[in-house]
Amino acid sequence: VVEKSVLDGYKNKITEQEKKIDELNLLIEKFKIQEIEYKETIQKLQGSGTYTNGISEKLSSRISEIEKEQEDLLVCLAEQDLEVKRLKERLKSYGEVFETDEDEDEESEG
């Protein structure tokens, strides 16, 4: 026969262990919820990274297009400059007098 005090001690220990088990179960649930939240956050961030990468690729592509357009415009400008010089030479051959670039710069400053 087991003494009542020993049985009461076991009952108390069992009650304490059950409380600890309940606390641990609550913690496990809390951690599960956090895990789900973290996974969702990671997915959002990964999706955001994909979105950002897509934007970055689009911007890089657009920059390349703009650089090509700029290059084309510079070529056109150079061609126009050559054409203007050619036409000036032609007009000079007909006796037309043009101010030099230095004269034009002085007049615009004055």
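Analyst: The side chains of K4 and D8 meet in a salt bridge, with 3.9 Å from N to O; the term stands for a side-chain nitrogen of Lys or Arg within 4 Å of a carboxyl oxygen of Asp or Glu. The model is a predicted one, in which local features need pLDDT of at least 70 and side-chain atom pairs count only at pLDDT 80 or more, while totals for chains, interfaces and linings use all residues. Residues are numbered from 1 along each chain as its sequence is written, and side-chain values use heavy atoms, with hydrogens and water left out.

K4 and D8 are separated by about one helical turn because they stand four residues apart in helix α1; helices (H or I, at least four residues) and strands (E, at least two) are DSSP runs, numbered from the N terminus. K4 counts as exposed at 61% relative accessibility, whereas D8 is partly exposed, with a relative accessible area of 31%. In these terms, buried means under 20% relative accessible area, exposed over 50%, and partly exposed in between, with a 1.4 Å probe and protein chains only.

Helix α1 covers residues 4-93 and also holds Y10, which is exposed, with a relative accessible area of 53%. Together with V6, L7 and I14, Y10 makes a nonpolar surface patch of about 380 Å². Patches are made of residues with over 30% relative accessible area and no salt bridge, where like charges are joined within 9 Å and nonpolar side chains (Val, Leu, Ile, Met, Phe, Trp, Tyr) within 5 Å.

Further along helix α1, the side chains of E29 and K32 also meet in a salt bridge, again given as 3.9 Å from N to O, and because these two residues are three apart in the helix, about one helical turn separates them. Both partners are partly exposed, E29 with a relative accessible area of 43% and K32 with 44%.

Another salt bridge joins the side chains of K85 and D81, at 3.6 Å from N to O, and these residues, too, lie four apart in helix α1, about one turn of the helix. K85 counts as partly exposed at 49% relative accessibility, and D81 likewise at 39%. Salt bridges that share partners also join R62, E65 and E69 into one network.

For the protein as a whole, the count comes to nine salt bridges, the secondary structure comes to two helices and zero strands, and buried residues make up 0% of the 110 residues.

How values were computed: Areas by Shrake-Rupley, 256 points an atom, 1.4 Å probe, with all protein chains shown as cover.
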